[in-house]
Structures are given as structure tokens and as C-alpha cells.
Protein chains: 2
Amino acid sequence: MPAAAPAAAPRYQQLAERLRREIAAGKYAVGAMLPPELELSGRHGVSRHTVREAIRRLADMGLITRHQGIGTRVKALQVEPRYTASLTDVADLFQYTQRTRLKVLAEHRVRADTALAALLRCKPGQRWLKFETCRYPIEDAPPIAYTEIYILPAYGRIRARLEGGGVWVYGLIEQHYGERIVEVQQEIGAVAIPARVARLLGAKPRSPGLHVVRGYFGSGERLLSVSVNVYPAERFKLSTHWRLQGR
Amino acid sequence: MPAAAPAAAPRYQQLAERLRREIAAGKYAVGAMLPPELELSGRHGVSRHTVREAIRRLADMGLITRHQGIGTRVKALQVEPRYTASLTDVADLFQYTQRTRLKVLAEHRVRADTALAALLRCKPGQRWLKFETCRYPIEDAPPIAYTEIYILPAYGRIRARLEGGGVWVYGLIEQHYGERIVEVQQEIGAVAIPARVARLLGAKPRSPGLHVVRGYFGSGERLLSVSVNVYPAERFKLSTHWRLQGR
DNA sequence: AAGTGGTCTAGACCACCGA
DNA sequence: CGGTGGTCTAGACCACTTA
């Protein structure tokens, strides 16, 4: 069978592309009116429906605005795309398909030295409660992640609730202190898993892992908690879905 | 003058609202099919065009997906994003602080076998143009990333424009074919950089790297291009900022 | 082959705007 | 009032998927 001829683009798409080019080329200035639908219909030999479909595309792109009784006005010469990703809940950041439980291995009071302050994006000298933890699937299985959790000493009461199933630090802070997590800053890198962590995870020392640092901010951009996570490469992937705004 | 009688909402809007409510109420489960357009047309006594206008609204809300030859499937019961992250341009996904240039090392026509189809989230047998490339900072320096770019053969013309500064594949497709990148699916993992890639990158074999697979979708959820990236750990980090909606 | 959504036409009436 | 975009109908054929 011969290769299928490349299907022609639909007419509304051809028209939309043509108009887009004309706008970009300056044929219509910003604020100028596009020809009326009936005129475009006649000029390009397509039905008004097809014209509207084309014009709808341009409107979706944010190039034009339409007003009943007035006409179609050029809003921008080219598109400035804006993509968004959304989460229903911060827990989605973790994307664990199953419920997990946390095990606390150690607990310290620390003061941030220069290196830690850089990692946590806080000021040197800042005091933190630090927990070294592993996160396990509910059933018996090797841990998914090694996590260092830093919280403000003021929130120390949540220590008692930390271990167990389906628990998230940010959730505890929200529940017990009425603080709202307003922002989450996430930084993702790769790392060769250090020997000590590899031992805890049951992974090969120096094998690759995902290194994810998350900062949780309350209102007023106040940093409430930071978690530093190491995920063995084969046990975890992060996926994000970006979508053009307005769809 | 008496208050004008509240104009009845357009029929497509009434129908869209009715369907939205039925979905939210659980009449159609996630993954279930909505009735075909003709059935809705008859059942509600409106033309198919009106049905399509209503269904388009639901699709714009992200509640359903439509597929030619298959039908309309419920994707979500309601829309309620809490945290969002936004980008003004897909290029932000890459977060290169400096302009970069792409160098094409090799070019192949490939058919997806099972493994590749899984990686690219496409069907086995699908044909692709594959480019093996490295991305460099503008100034002389080792590459930031090794990237395999897959594009639909129909977009082969962009090959000539691929190399050079500040070039992004998705941008070329948008410019040359009038396609809009509507969605980007991104999957991040860690990997031990294979010897061959390490050689190209000037990195140590088996050293850790970020492994990022991005799928670019046009309208109608059509997969237009896929890139598979390997970033040496010490040369690249991804950061994302999530913010509670309404800020 | 049957059934789905995708595209397209020709025509109609309405709501809104500005002169 | 005339002209604009907004809504709507009836019907047609196409492209795609599944069986």
C-alpha cells in the first residue's frame, strides 16, 4: 500500500493559520477590526460556520476578542502561551499510588549552618527540628524513600502523630496549628545515593536516586517545613501534566 | 423601566450544565462513556450542533475526553484544582538560565517497538523521526543534556531548523505547522547515565542523571513530539513553585 | 460494516451595538 | 435602522475505531 497522502488540514485550521499569519505580519494592528464573518466567508469561499470555527481558534489563542454587535478586534499580534499544572491536594505531589507509613529513625534539634541554610533556603542560625525517616508502603516491602523532615520547633507537638499510615507533615501542621500551606517550592535533582542512605533503603550504594527538596510555606511566605527526599531510581517517578490555560 | 426578564440561557449551556450535574452526581463513572451525540440530540430535542457545543464546554472544563470513532469518555467528576503552578512558556520547563544551542548527532526513521511505545506512550508500530542531540550552552562548555527527540514524520521539514541557538522543537512545530501545543506531559526519574551517553556528555559512566521524558500534545490530545532527556546530576535541577489557588 | 466524533454547508432568527 | 456576532436547525460526507 502506498504511503497515505498527508491529509489536508481542515479548512477552518487553514483559515485560522492564514489569519494568524496576517495578524503576526502586521496586516491588522492591535485594536484593529478583523473583517466581519460574512465577508471572510465570501472572500475565502467557506461557510460562516467554518469561519467561526477558525475565529474561535484565534480567540482561544488570545489573539482576538469578539463582541456581539461590534466585531472582532485584534488583541495581540502573537500568542504568549501560558501553561498551568494543577493539584487537587498537595499529597498529589508525592504521587504514591498506595498508602504509606512513616518510620522515624532519629530526631535532632539543629541549627542551620551555611550549607543547610542554602539547602533549606533559610537563614543560617535558624533552629529546626529534624527527623530522619523512611517511608514504606503499607505492606511489607522495602522503603520508597528516605526523607529528612525539618519543621519549626514551634510545631514539635506533631512529633507524636508523625508515625503511622497516611500521614503527611504538612497535613499535621494544617490540622494542629491551623496554618494553611499556601505555597510549595519543589526542587528536583539526581544524586548518587550515599552509602548510609542506601543501607537504609536497601539500595546499592552510589546508585542513582531522585533528590527532591520541598519547602512548605504558610501565609506571609513563612517557611514552615522542609523535606529532603531520596527516592531510589527504580522505585519512583514523578509526573506532571501541563495544560494550556483556558481549556 | 421594569427589570428585564432574565433571558433564558442558550440551549447548549443548559445541556452542558445538565450533563455536568449528572456527571458530578455519579450517573456516569470516571471512564464511562457519555451517550453518543445523536442520542443526546434526540433525547433532548436539540440539533447535533447544539449537543456538540455543550460537549465542547465540558471538554474545555476537562471533564471529558473525545475520540473520533470511540466516543466521549468521562475523565473527571468535577473540576477543583487547589494548587497550581504556571509557566508563561513551555521553554520554562527547561529552565536553562542561558540560551542554548542544539547539535544533531544522528537521525533515524524508527518504528516503535513495545519498549519504545511504552516509553513514548504511543502505539507499537507508530512511525517516528528520531534525532539524537546534545544541548550546549552558547559559550564553549560541556553539554547540559543529551536529548532524543521524536517527531511525527509529517513534521520532518523542521529538521533544517533544528540546529542553532535558542531553538525548541515545540516552537518549530507551532511556527511551521500552525499546531498548538496544548498539553505537556512530563515524567521525571533518575538514571545511571549509560556509557555511550556519558561519553557524549563528558560525564562519568554510571554516574547519576536526571531522566526526563516529555510528551507534547496538540489539540485533540494528539501526540506530536516526545523528547527523552538525560541531564548530568551536577549540571541541572528542576524547580517548580506551587501556589494555593486564588493568590 | 456499523457507529463514533470531525468537518462543512445553507439557511434562519436573535441579541446587541452604534449611528 | 443596518450590521455585527451568538445561537440554532437539518442535513451531508468524512475519518477513525472496533468488530
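User: How much space lies in the second largest cavity?
Analyst: This is a predicted model: local features need pLDDT of at least 70, side-chain atom pairs count only at pLDDT 80 or more, and totals for chains, interfaces and linings use all residues. Residues are numbered from 1 along each chain as its sequence is written, chains are lettered from A and ligands numbered from 1 in the order in which they are written, and side-chain values use heavy atoms, with hydrogens and water left out. A cavity is a set of points, on a 1 Å grid over the protein atoms alone, where a 1.4 Å probe fits but cannot get out; points join across faces, edges and corners, and probe spheres set on them fill the volume. For the second largest cavity, the space is about 110 Å³.

User: Which element gives the most to the lining of the second largest cavity?
Analyst: Lining residues have an atom within 4 Å of a point. S7 (145-151), H5 (169-177) and S11 (223-232) of chain A each supply at least two; helices (H or I, at least four residues) and strands (E, at least two) are DSSP runs, numbered from the N terminus. With four residues, the top contributor is S11(A).

User: How far is a polar side-chain atom of Tyr12(A) from a phosphate oxygen of DNA strand C?
Analyst: Tyr12(A) is among the closest of the 23 residues around DNA strand C, counting residues with a heavy atom within 4 Å. Thr50(A) puts a polar side-chain atom 2.5 Å from a phosphate oxygen, a polar contact being a pair of N or O atoms within 3.5 Å. For Tyr12(A), the distance is 2.4 Å.

User: Why does the salt bridge of Arg56(B) and Glu53(A) join two chains, and how far apart are the closest N and O atoms?
Analyst: Arg56(B) lies in helix H3 of chain B and Glu53(A) in helix H3 of chain A, so the pair joins two chains. Both are buried, that is, under 20% relative accessible area with a 1.4 Å probe and protein chains only. A salt bridge needs a side-chain nitrogen of Lys or Arg within 4 Å of a carboxyl oxygen of Asp or Glu. Here the closest N and O atoms are apart by 3.0 Å.

Conventions:
1 Å grid on protein atoms, 1.4 Å probe; cavity = no way out; pocket = protein on both sides within 12 Å on 5 of 7 lines; lining within 4 Å. Polar contact = N/O pair within 3.5 Å; in protein donor to acceptor, adjacent residues only side chain to side chain. Buried < 20%, exposed > 50% of the residue type's maximum accessible area, 1.4 Å probe, protein only.
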